[in-house]
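Please read the points below alongside the sequence and the coordinates.

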Amino acid sequence: MRYLLGIDGGGTKTRFLLAAQDGQLAAAYTGPTCHYLQCGCGGVTQVLREGIDACLRGAGAEPGQILAAFAACAGYGDVAADNPRIERAVALAAGGIPTAVGNDCENALAGALGEGAGIHLIAGTGSIGCARDEAGRFARCGGWHQLLGSDEGSGYWLALELLHEFTRQSDGRSARTALYGRVRSSLSLGEDSELITRVVEQWGMDRTRVASLSVLAGELAAEKDPFALALADRAAEELSQLALALDRRLALRHPAVCTYSGGVFRMGERLLAPLRGRLAAAGIALTRPLLQPDAGAVLLAARHAGLRPDPSFLRRLGASAAQPAP
């Protein structure tokens with residue numbers, strides 16, 4: 001039996017899928033982030049090695065049975081000078097497995113669109129947009145470091161906006177809503193000022209831990225908290241701007257398609273409805289992805305092996321590996 005290995009390394013977690021040549025899932029594993037700016041290049045090697053070993057154990061397979069792998073690493077390509085360091089870290093983990101390395105937007109786009117042209121929006125811990133046109137040209141938008149005030153529409157951005165509003169409501173600069181009590185209880189604050197102790201001192205503004213608070217945005221929007229509802233609409237606006245910029249850069253043929261992935265979209269229609277409306281006005285249809293990013297990494301591994309997956313491969317891979325999109 002020969003296998004294909006897909007690795008989807010995002011800002012919060014790294015998902016591994018080992019599939020047979022026919023697309024049938026053989027093993028899966030989820031580990032922590034392999035974003036090199038968060039865990040270092042040594043951490044990239046450790047996370048990937050543990051995930052690869054776990055998949056091989058799960059399938060009862062040997063490394064030599066893996067035809068090819070695709071490792072999608074958050075941050076890859078952002079700073080060209082860092083790419084060789086990331087590539088070496090991946091190679092150390094992969095051993096002799098033929099492995100291609102790319103940014104985690106590449107596998108998301110491949111999985112979402114298959115061989116087609118269109119746009120893909122990712123809103124997880126961070127946010128980024130990417131697109132491919134009918135001629136195969138690729139472009140990306142967003143994904144700038146969060147300290148530069150970017151990652152708009154991401155989990156990290158949503159969480160910071162919630163925390164900023166909490167400080168305003170605590171001070172009396174804004175009227176208190178359900179948000180105020182929810183943040184206090186979620187962070188177990190005795191005094192409001194303990195927010196600094198908890199998030200800044202204890203968490204060190206850790207990107208993943210801060211982004212985990214973004215789930216409150218969806219919960220509060222479902223409860224019709226006015227700030228959370230407005231925040232969901234702002235997130236839709238920011239994400240739509242990524243898609244519109246990509247549409248302009250590639251001059252996509254209309255009607256164009258835009259797909260999406262990432263935990264922020266668990267907000268459901270409170271985010272999707274305004275996003276859909278903004279894109280429709282520009283001739284872009286928001287649709288569910290064909291495959292999720294982890295399965296997209298398997299698809300790119302197949303291409304790296306020189307294979308051309310047929311529709312039955314995609315069906316098997318999608319049925320066994322992909323999680324339903326919201």
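1. The model is predicted, with local features needing pLDDT of at least 70 and side-chain atom pairs counting only at pLDDT 80 or more, while totals for chains, interfaces and linings use all residues. Residues are numbered from 1 along each chain as its sequence is written, and side-chain values use heavy atoms, leaving out hydrogens and water.

2. The chain holds twelve helices and ten strands. These are DSSP runs numbered from the N terminus, helices being H or I of at least four residues and strands E of at least two.

3. The radius of gyration is 20 Å, in agreement with the value near 20 Å for a compact globule of 326 residues; it is taken over C-alpha atoms, and the globule rule is 2.2 Å times the number of residues to the power 0.38. The C-alpha trace spans about 65 × 45 × 35 Å along its principal axes.

4. Of the 326 residues, 53% are buried, a term for under 20% relative accessible area with a 1.4 Å probe, protein chains only. The accessible surface of the chain is about 13,800 Å², and carbon and sulfur atoms supply 53% of that surface; the areas come from the Shrake-Rupley method with a 1.4 Å probe.

5. The largest nonpolar core comprises 55 residues, and Leu 187 and Phe 265 touch the most other members. Helix α9 (residues 226-250) contributes most to this core, giving 13 residues. A separate core of 27 residues includes Cys 34, Val 44, Cys 55 and Tyr 76. A nonpolar core is here a set of buried Ala, Val, Leu, Ile, Met, Phe, Trp, Tyr and Cys residues joined through side-chain atoms within 4.5 Å. In soluble globular proteins, nonpolar side chains tend to be buried together.

6. Is Glu 161 buried or exposed? Glu 161, located in helix α4 (residues 155-171), counts as buried because its relative accessible area is 17%. Beyond its neighbours within four places in sequence, Glu 161 is in contact with Phe 227, Leu 231 and Arg 234.

7. Ser 214 sits in the loop between α7 (207-211) and α8 (215-222). With a relative accessible area of 16%, Ser 214 is also buried. Neighbours within four places in sequence aside, Ser 214 has contacts with Gly 155, Leu 158 and Ala 159.

Conventions: Buried means under 20% relative accessible area, exposed over 50%, partly exposed in between (1.4 Å probe, protein chains only). Contact means heavy atoms within 4.5 Å.
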